[in-house]
Amino acid sequence: FPSHDTSMHAQIETYNGEFFNLDPDDFSGINIHNLAHALSGVNRFNSHTNRMYSVGEHSIHVASQLPPELQLVGLLHDGSEAFIQDIPSPFKQFLPDYAAMEDLIQNKVYKAFGLNPEWVRGIYPAVKRIDSIMCQIEATHLLHSGGAGWAEDHGHPGICCLTPEQAEGLFMWAYVRITKKQYFTGPLSPEYIKTIVGDINASLS
């Protein structure tokens, strides 16, 4: 991992013009608008899917299936991918420096939204369980093999494959809903998601 002096000078410009860096105590650039925009433009499975399906849309599905106290963690659990691209899981084990940077950035995201990383670490197995289930569900819909040999749809109502703009709006809607304690009560059906996206579009027109 780079030295402290080197890493503090590494930075990127974010969607809203703020600069994000690796200083663990500097939260510049970490806000819900930047996360919603960036994660909704990043495709799952390293883009090897039959349709566009974003990390932003995935995160909403994860959040919707968690108990109320974990829904914000579910929505933000891939937040580091707004600032560094993900590495496919089978290869990540060979890149310890990447894993350390990912962990640093993810902890910054949690802290920026008032979540204690130590607390998140304790409850994370519950989030990871839903994350893994959604990965299987997504594979049955999106991968050429349908996830043959490892994935099943778990009776989930399905996914939408929203455009980046639609996913961004839905991510913001989910964040507002969770922070207002209007918690989700289970999986979101494609029909329900399409209705919400329509309502969001109507409110913007």
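These exercises work through helix packing, aromatic pairs and one tryptophan in a predicted model.

**Exercise 1.** Work out how helix H3 is oriented relative to helix H8, and what kinds of residue meet there.

*Solution.*
- Step 1. Locate the helices: H3 covers residues 55–64 and H8 covers residues 164–179.
- Step 2. Take the geometry. The axes lie 9 Å apart, at an angle of about 30°.
- Step 3. Apply the cut-off: angles under 35 degrees count as roughly parallel. So H3 is roughly parallel to H8.
- Step 4. List the contact. Gly56, Glu57, Ser59, Ile60 and Ala63 of H3 meet Ala167, Leu170, Phe171, Ala174 and Ile178 of H8.
- Step 5. Sort these residues: seven are nonpolar, two polar and one charged.

**Exercise 2.** Classify the ring pair of Phe20 and Phe83, and say which parts of the chain the pair ties together.

*Solution.*
- Step 1. The ring centres are 4.1 Å apart and the planes meet at 15°, so this pair is stacked.
- Step 2. Place the residues. Phe20 sits in strand E2, and Phe83 in the loop between helix H4 and helix H5.
- Step 3. The pair therefore ties together parts 63 residues apart in sequence.
- Step 4. Check burial. Phe20 is buried, at 4% relative accessible area. Phe83 is buried too, at 10%.

**Exercise 3.** Is Trp119 buried, partly exposed or exposed, and which residues does Trp119 touch?

*Solution.*
- Step 1. Find Trp119 in helix H7, residues 117–142.
- Step 2. Its relative accessibility is 36%, so Trp119 counts as partly exposed.
- Step 3. Leave out residues up to four places away in sequence; Trp119 then touches Glu69, Leu70 and Val73.

Key: Residues numbered from 1 in each chain as written. Predicted model: local features only at pLDDT ≥ 70, side-chain atom pairs only at ≥ 80, totals over all residues. Heavy atoms only, no water. Axes fitted to C-alpha atoms, helices over the stretch in contact; angles between N-to-C directions. Helix = DSSP H or I, 4+ residues; strand = E, 2+ residues; numbered from the N terminus. Parallel < 35°, antiparallel > 145°, perpendicular 65-115°, else oblique. Contact = heavy atoms within 4.5 Å. Nonpolar A, V, L, I, M, F, W, Y, C, P; charged D, E, K, R; others polar. Buried < 20%, exposed > 50% of the residue type's maximum accessible area, 1.4 Å probe, protein only. Phe/Tyr/Trp six-rings, centres within 6.5 Å; stacked < 30°, edge-to-face > 60°.
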